[in-house]
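User: Hi! I am new to reading protein models, and I would like to learn feature by feature. Could you walk me through this one?

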Amino acid sequence: MLVLVAPGQGAQTPGFLTPWLELPGAAARVAAWSNAIGLDLAHYGTQADADEIRDTSVAQPLLVAAGILSAAALGDVRDIAPGAVAGHSVGEITAATFAGVLDDTAALTLVRKRGLAMADAATITETGMSALLGGDPEVSVAHLEKLGLTPANINGAGQIVAAGTLEQLAALNEDKPEGVRKVVPLKVAGAFHTRHMAPAVEALAKAAVELTPADPKIRYVSNRDGQSVATGAEILERLVGQVANPVRWDLCMETFKELGATALIEVSPGGTLVGLAKRALPGVKTLALKTPDDLDAARELIAEHGVA
């Protein structure tokens, strides 16, 4: 069984969209999306530097656009025939298009509002995120909670990302959990997937009222708890609340295993989720769509592991 997944914020790199825009029809499609959301996606995906695309309000729509574009290069989702789809953080909106819950324009409109709302929420209090290298997850989570921090991403394969105020993160750096080798500050605008994003939840809830989600045509695995979600209304509700809830990618990978996943393809800009899968899902074949040069190999995986 094939799983199709989409990465979250931080996966973007300068110029990563350039080769995808060279595919037939891609530039026109991206131009239409750009007009719809008032953001020049082609510019940011080809010419902008690392600081410009680190901006939350830019990075998020850019990632969703790239994910949709790279998956479309493989064909209609019915041709890809995944047994399940999922996304990490903002990648859940990309996955919602794969499942047929949202159309492309609705997804990009929602993610544009999401990015702006999260960027605004991040200005209220000085917050951030740090990755913990090494250590036992249970020990680390308990230690983070003692310091008032949130385990915002529990990614599996021993990877946890803490989030909170800059003072709390400084305390973590001085008082690491037992077994943690290093605490690495992440270059993000704020403490995503924590209570600090509550104002963004309110803004997204208002935006969601304008959308009419369809029920998923493909199994949709939510990163809130690793569970499959059967209705479009619940998926949209989870997308709204997700900005202030921890990402449980570890539970998503457990679900992939239980479903009998044999292959995993990560859409552009792929690499992060494939790296986690290689450590947590031994025996599962993986492929990251970094450039169109990876399409032929992806098609081979689809032919071998797709459900259709």
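**Reading the model step by step**

Analyst: Happy to! Helices (H or I, at least four residues) and strands (E, at least two) are DSSP runs, numbered from the N terminus. This is a predicted model, where local features need pLDDT of at least 70 and side-chain atom pairs count only at pLDDT 80 or more, while totals for chains, interfaces and linings use all residues. Residues are numbered from 1 along each chain as its sequence is written, and side-chain values use heavy atoms, with hydrogens and water left out.

User: Which residues does Leu 147 touch, not counting residues up to four places away in sequence?

Analyst: Contact means heavy atoms within 4.5 Å. By that rule, Leu 147 touches Gln 168, Ala 171, Leu 172 and Asp 175.

User: How do I read whether Ala 95 is buried or exposed?

Analyst: Look at the relative accessible area: buried means under 20%, exposed over 50%, and partly exposed in between (1.4 Å probe, protein chains only). Ala 95 sits in helix H7, and its relative accessibility is 0%, so Ala 95 counts as buried. Beyond its neighbours within four places in sequence, Ala 95 is in contact with Val 85, Ala 86, Gly 87 and Tyr 220. Ala 95 and Ala 233 are 138 residues apart in sequence, and their C-alpha atoms are 15 Å apart in space.

User: What should I look for in the backbone?

Analyst: Start with the general idea: most residues other than glycine have a negative phi, and most peptide bonds are trans. Now the cases here. Ala 81 is not a glycine, and yet it has a positive phi of about 55°. Its place is the loop between helix H6 (77-80) and strand E2 (84-87), and Ala 81 is buried, with a relative accessible area of 8%. Ser 89 also has a positive phi, near 55°; this residue is in the loop between E2 and helix H7 (91-98). Ser 89 counts as buried, at 10% relative accessibility.

User: And where is the cis peptide bond?

Analyst: The cis bond joins Ser 268 and Pro 269, with omega about -5°. Pro 269 is found in the loop between strand E9 (263-266) and helix H14 (272-280). With a relative accessible area of 7%, Pro 269 is buried. Leaving out residues up to four places away in sequence, Pro 269 touches several residues, among them Pro 7, Phe 16, Leu 63 and Leu 289.

User: How do I describe two helices that pack, such as H2 and H5?

Analyst: Axes are lines fitted to C-alpha atoms, for helices over the stretch in contact, and angles run from 0 to 180 degrees between N-to-C directions. Angles under 35 degrees count as roughly parallel, over 145 as roughly antiparallel, 65 to 115 as roughly perpendicular and the rest as oblique. Helix H2 (residues 26-37) and helix H5 (residues 56-72) pack at about 150°, with axes 11 Å apart, and H2 and H5 are therefore roughly antiparallel to each other. In their contact, Ala 26, Arg 29, Val 30, Trp 33 and Ile 37 of H2 meet Pro 61, Ala 65, Ile 68, Leu 69 and Ala 72 of H5.

User: Which angle do H13 and H14 make?

Analyst: Helix H13 (residues 249-259) and H14 pack at an angle of about 60°, and their axes are 11 Å apart. That makes H13 oblique to H14. Trp 249, Met 253 and Lys 257 of H13 meet Leu 273, Leu 276, Ala 277 and Ala 280 of H14.

User: How many aromatic pairs does a search of the whole structure find?

Analyst: Rings of Phe, Tyr and Trp (its six-membered ring) pair if their centres lie within 6.5 Å; planes under 30 degrees apart count as stacked, over 60 as edge-to-face and the rest as tilted. The search of the whole structure finds one aromatic pair. Trp 249 and Phe 256 form this edge-to-face pair, 5.8 Å centre to centre with 75° between the planes. Both Trp 249 and Phe 256 are buried.
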